[in-house]
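Subject: Structure for you to look at

Dear colleague,

Please find below the structure that I promised to pass on, followed by my notes on what was found in it. I would be glad if you read the notes with the structure open beside you.

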Amino acid sequence: MRRSAAPLLALALLALPGLAAAAPPLKALGHVCKPQDAVRFCPTRNDAQRVKSFDGLPLDADVTLPPVGAGPFPTIIMLHGFGAQDKTYWQSTTPDGAPRAAKYHFNDNYFARHGYAVITYSARGFGRSCGKGAESTPGCAKGWFHFADQRWEVHDAQTLLGKLVDDGIADPGRLGATGESYGGITSVQLAYLRNRIRRIDGKFAPWKSPKGRKLSLAAAWERWAPSDLSYSLVPNGRFLSNRISSGLYPFGIPKQSIFEGLYLGGLAVAHASPKGADPTADITTWHDKVLAGDPPKRGLKAIYEQTQEFKSPVGIPGRPSPLLVQNGWTDPVFPVEEALRTYNRSRAGAKHPPLALQLGDIGHFTGGEALADYVRFNDDGAAFFAHYLKGQPGGPKPLSVTVFGQGCPKGSAGFGPITATRYSKLAHGSFRLGLAGPVKVTSTGGDPDAATLADPASNTDRCAQIDTDHAKGVAVLKRKSKGFRQLGLPTVHATIKTDGHYGQLDARLWDVSAGKQRLVDWGVYRLAKKQRGHITFQLFGNAYPFAKGHTVKLELLGRNASALLASNEKFDVRVSDVRLAIPTRDAPSAARGISKPTRLR
């Protein structure tokens, strides 16, 4: 009888090296990885598979891997924003990440195809990481968010990276972080912590993986994030573009509608701490005290100090990992001044710190979000990671700046890209306005329609126009333009005499033409009791083209609600010898009314 050849063939194959059995499937964070969309995907498929963080809280985390290889890989942790976002936000089936422009070449699929392991997860208190609807699942009793706190959210990210290192998937010498808005805050704090963690008691300790491997972040790319969360939400006007710090005092003016939106958004979609339950996460108490207005409520100092120390990079001593910083001129939440604080801090005492800036018509609420900005920014960001995580040449040079201007209508490309080796080299000239005065500015002055247009929560289109106004109690400076491009933060100098308590000078810069005006820039300065003498402050900045024949108009007023919280007190301030200097990309030209650049002292 003839014997079958199949068993003999099977025995022969078993005898060959490497073919005795199929290799076990690759796992990341305990999850099986399977081919999907030209990469490998290793998801948390149910609550039981969630990954325990340093304190036992379950995190809903996915990992995306290159199509081949077993690691260790250069690794990027991608962090989502605040509100209705979770681990899926930076996940995509294609590298182009359509339909959102910000996801172009900025998503898990793109980076995995380029050889990176990518962690995407729902932040503590969001999605299935104890977020809304998951509060009652095991381990989530106190799983509320702490607003990107170094002791909780940042430590969560470090824990996941450490676990992936212990899995043999992540290379401990090539760890990177990136994120937008809320995720950007975590990213930049990871950069400043570098090789440290912040314990719950507030002390620093070495960053180690669960199995004891020493770890350090190699690079971070933060997008739309603050350097000082307290100042960005409650500015007092003391920060200048050549400074590192602005200080906490006097207490600033809350960005009312933005603060309200963050609060309501947090309550609606995330697991927020019950009022009074946790002073490190008590968003309701913070909201109530901040928006109660003047005079400052008891406990407000402690809230601001906690936010600076534990929820902002300004609270972390030392130099950061190599850092790419992206902020928007037209972002009312975290404007360009937040990038400049980080930029100036990195420059102090260092000739060529590994930090670069990306500034465009992007960001929260009123950002234009043109695809052209992101095509350049995201490809530069990919080159930045390739340089610091793979050792490849290229990427933005240290201290360099890349700029796009505001486009109108919203969403269209503005001027640019403009590049400079230093931020100080962006502006070549200055367009100036003046007012001798004196003019009395009152706490009730200003046109309500103009205030509505200036509120980024009620009007998200910075290209919108309204009829010009002629309100009382407002100081107005005007000058006709012969055509120039604003590029930077306008500076206001004035002599003041204040009567009353808790006053404020709100500033609005307009482009006026044919009886219509468009908001170009804005700012605020907190007045001290009976303050008098010379003051200097800056608007938040923009990169904007003023057309020939249009009028440049600055308003100084005592009320710009609800973009800024109006004072509960009556006050007035007499302003005189007011001068405005708008930095221009255009070179000095007497014929065009552009003088030499203004240098801050």
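Before the helices, a word on terms: axes are lines fitted to C-alpha atoms, for helices over the stretch in contact, and angles run from 0 to 180 degrees between N-to-C directions. Helices (H or I, at least four residues) and strands (E, at least two) are DSSP runs, numbered from the N terminus. Please bear in mind that this is a predicted model, in which local features need pLDDT of at least 70 and side-chain atom pairs count only at pLDDT 80 or more, while totals for chains, interfaces and linings use all residues. Residues are numbered from 1 along each chain as its sequence is written, and side-chain values use heavy atoms, with hydrogens and water left out.

I begin with the helix pairs. Helix α6 (residues 256-269) packs with helix α7 (residues 283-291) at an angle of about 160°, their axes being 10 Å apart. That makes α6 roughly antiparallel to α7 (under 35 degrees counts as roughly parallel, over 145 as roughly antiparallel, 65 to 115 as roughly perpendicular and the rest as oblique). Their crossing is left-handed, meaning that the near helix is turned anticlockwise from the far one by less than a right angle, whereas clockwise would be right-handed. On the α6 side the contact (heavy atoms within 4.5 Å) is made by Q256, F259, E260, L262, Y263 and L267, and on the α7 side by I283, T284, W286, H287, V290 and L291. By class, the contact of α6 with α7 has eight nonpolar, three polar and one charged residues, where Ala, Val, Leu, Ile, Met, Phe, Trp, Tyr, Cys and Pro count as nonpolar, Asp, Glu, Lys and Arg as charged, and the others, Gly among them, as polar.

Helix α7 also packs with helix α8 (residues 300-310), at an angle of about 120° and with the axes 10 Å apart, which makes α7 oblique to α8. The crossing of α7 and α8 is left-handed, and in it W286, K289 and V290 of α7 meet L300, I303, Y304 and Q306 of α8.

Turning to the sheets, eleven strands form an open sheet with mixed pairing, in the order β3-β4-β7-β9-β8-β10-β13-β14-β15-β16-β17; two strands pair if DSSP finds at least two bridges between them. At its edges are β3 (34-36) and β17 (418-420), each of which pairs on one side only, and the twist averages 20° from one strand to the next. Strand β16 (residues 401-403) pairs with β17 in the antiparallel sense over three bridges, with V403 standing opposite I418 of β17. Helix α4 (residues 182-193) packs on this sheet and touches β8 (73-79), β10 (170-180), β13 (219-223) and β14 (323-328), its direction making about 145° with that of β10.

A further open sheet has five strands in the order β20-β25-β24-β28-β21, with antiparallel pairing. Because β20 (466-467) and β21 (475-480) stand at the edges, each with a single partner strand, one side of each is left without a neighbour in the sheet. The partner of β20 is strand β25 (residues 516-526), paired with it in the antiparallel sense over two bridges, and Q517 in β25 is the bridge partner of I466.

Finally, the structure holds three disulfides (pairs of cysteine sulfur atoms within 2.5 Å). One of them joins C33 and C42, with the sulfur atoms 2.1 Å apart; the link is right-handed, with 105° about the S-S bond.
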